[in-house]
Amino acid sequence: GESVGLHLPTLSVQEGDNSIINCAYSNSASDYFIWYKQESGKGPQFIIDIRSNMDKRQGQRVTVLLNKTVKHLSLQIAATQPGDSAVYFCAENPNQGPGANSKLTFGKGITLSVRP
Amino acid sequence: DTEVTQTPKHLVMGMTNKKSLKCEQHMGHRAMYWYKQKAKKPPELMFVYSYEKLSINESVPSRFSPECPNSSLLNLHLHALQPEDSALYLCASSQGVSNYGYTFGSGTRLTVV
């Protein structure tokens with residue numbers, strides 16, 4: 001797999017390899033994080049989320065890691081498939097107190113391109 | 001029903017026109033949102049409705065006017081838009097008002113001419 005920060009717009013991986021997409025978030029008050037996948041012509045699709053009381057969460061073929069010390073979030077995709085090709089966004093929700101409205105803020109996004 | 005439905009999918013309007021974007025969800029979600037997304041950029045929050053009341057307006061120009069007629073519907077009324085307002089307008093909903101994942105619609109691709 002290849003690790004790329006969000007300052008690089010495109011990550012190209014070979015089909016079957018693992019992908020790692022990184023995100024640096026800015027708000028230390030954020031306590032809820034989500035990864036979204038957006039395919040061309042569609043809205044963002046929820047992939048996986050994690051709350052700040054966790055370091056790692058696993059889904060089907062995806063894992064999210066959270067490092068609060070350095071404000072870093074990553075998405076790992078196992079055995080990347082052509083259908084994984086899309087733009088990936090991390091999103092954070094600052095904790096504004098009990099009952100406060102969420103205000104999900106998106107990172108810049110990275111394009112994942114899967115080579116057959 | 002686990003979807004957020006947006007209509008129309010595409011809209012072309014002149015700068016003097018008045019049009020409306022519609023959004024509907026039947027998941028019982030109590031918070032609904034409008035986002036604007038320019039090409040190759042992340043979605044940017046415009047408005048948040050919580051229990052049918054406007055709770056957040058991210059300093060959006062008054063030529064965009066949101067409306068929430070009931071808990072399932074969200075509209076965005078457009079008037080006197082500028083060409084730079086051309087974008088993908090996304091509606092989303094969430095189960096609660098904080099710390100829940102959002103479900104997004106597919107968006108309305110708006111072109112202002």
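**Exercise 1. State the accessible surface of chain A and how much of this surface belongs to carbon and sulfur atoms.**

Solution. The accessible surface of chain A comes to about 5700 Å², and 48% of it belongs to carbon and sulfur atoms; such areas come from the Shrake-Rupley method with a 1.4 Å probe, and for residues only the protein chains shown count as cover. This is a predicted model, in which local features need pLDDT of at least 70 and side-chain atom pairs count only at pLDDT 80 or more, while totals for chains, interfaces and linings use all residues. Residues are numbered from 1 along each chain as its sequence is written, chains are lettered from A and ligands numbered from 1 in the order in which they are written, and side-chain values use heavy atoms, with hydrogens and water left out.

**Exercise 2. Describe the secondary structure, burial and contact pattern of chain A.**

Solution. Begin with the elements: chain A holds 0 helices and 11 strands, where helices (H or I, at least four residues) and strands (E, at least two) are DSSP runs numbered from the N terminus. Next take burial: of the 116 residues in chain A, 44% are buried, meaning under 20% relative accessible area, with exposed set at over 50% and partly exposed in between (1.4 Å probe, protein chains only). Finally, among contacts (heavy atoms within 4.5 Å) in chain A between residues at least 6 apart in sequence, 52% join residues at least 24 apart.

**Exercise 3. Work out the order of the open sheet of 4 strands in chain B, and explain why E1 and E7 stand at its edges.**

Solution. The strands of chain B follow the order E1-E3-E8-E7, with antiparallel pairing; two strands pair if DSSP finds at least two bridges between them. Strand E1 (4-7) and strand E7 (64-70) of chain B each have a single partner strand, so one side of each is left without a neighbour in the sheet. From one strand to the next, the twist averages 20°, an angle based on axes that are lines fitted to C-alpha atoms, for helices over the stretch in contact, and running from 0 to 180 degrees between N-to-C directions. Within this order, E3 (residues 18-25) and E8 (residues 73-79) of chain B pair over 7 bridges, and Cys23(B) has Leu74(B) as its bridge partner in E8(B).

**Exercise 4. Classify the ring pair Tyr25(A) and Phe33(A) as stacked, edge-to-face or tilted.**

Solution. Rings of Phe, Tyr and Trp (its six-membered ring) pair if their centres lie within 6.5 Å, and planes under 30 degrees apart count as stacked, over 60 as edge-to-face and the rest as tilted. The search of the whole structure finds 12 aromatic pairs over all chains. For Tyr25(A) and Phe33(A), the centres are 4.5 Å apart and the planes stand at 50°, so the pair is tilted. Tyr25(A) is buried at a relative accessible area of 8%, and Phe33(A) is buried at 1%. The rings of Tyr102(B) and Phe104(B), with centres 6.2 Å apart and planes at 40°, likewise form a tilted pair. Both Tyr102(B) and Phe104(B) are buried, and they belong to one aromatic cluster whose members include Tyr36(A), Phe89(A) and Tyr35(B).

**Exercise 5. Identify the residues with the most contacts inside the largest nonpolar core.**

Solution. A nonpolar core is a set of buried Ala, Val, Leu, Ile, Met, Phe, Trp, Tyr and Cys residues joined through side-chain atoms within 4.5 Å. The largest has 22 residues, and Trp34(B), Phe64(B), Leu76(B) and Leu78(B) have the most contacts inside it. Apart from this core lies another, of 21 residues, among them Val62(A) and Leu112(A).
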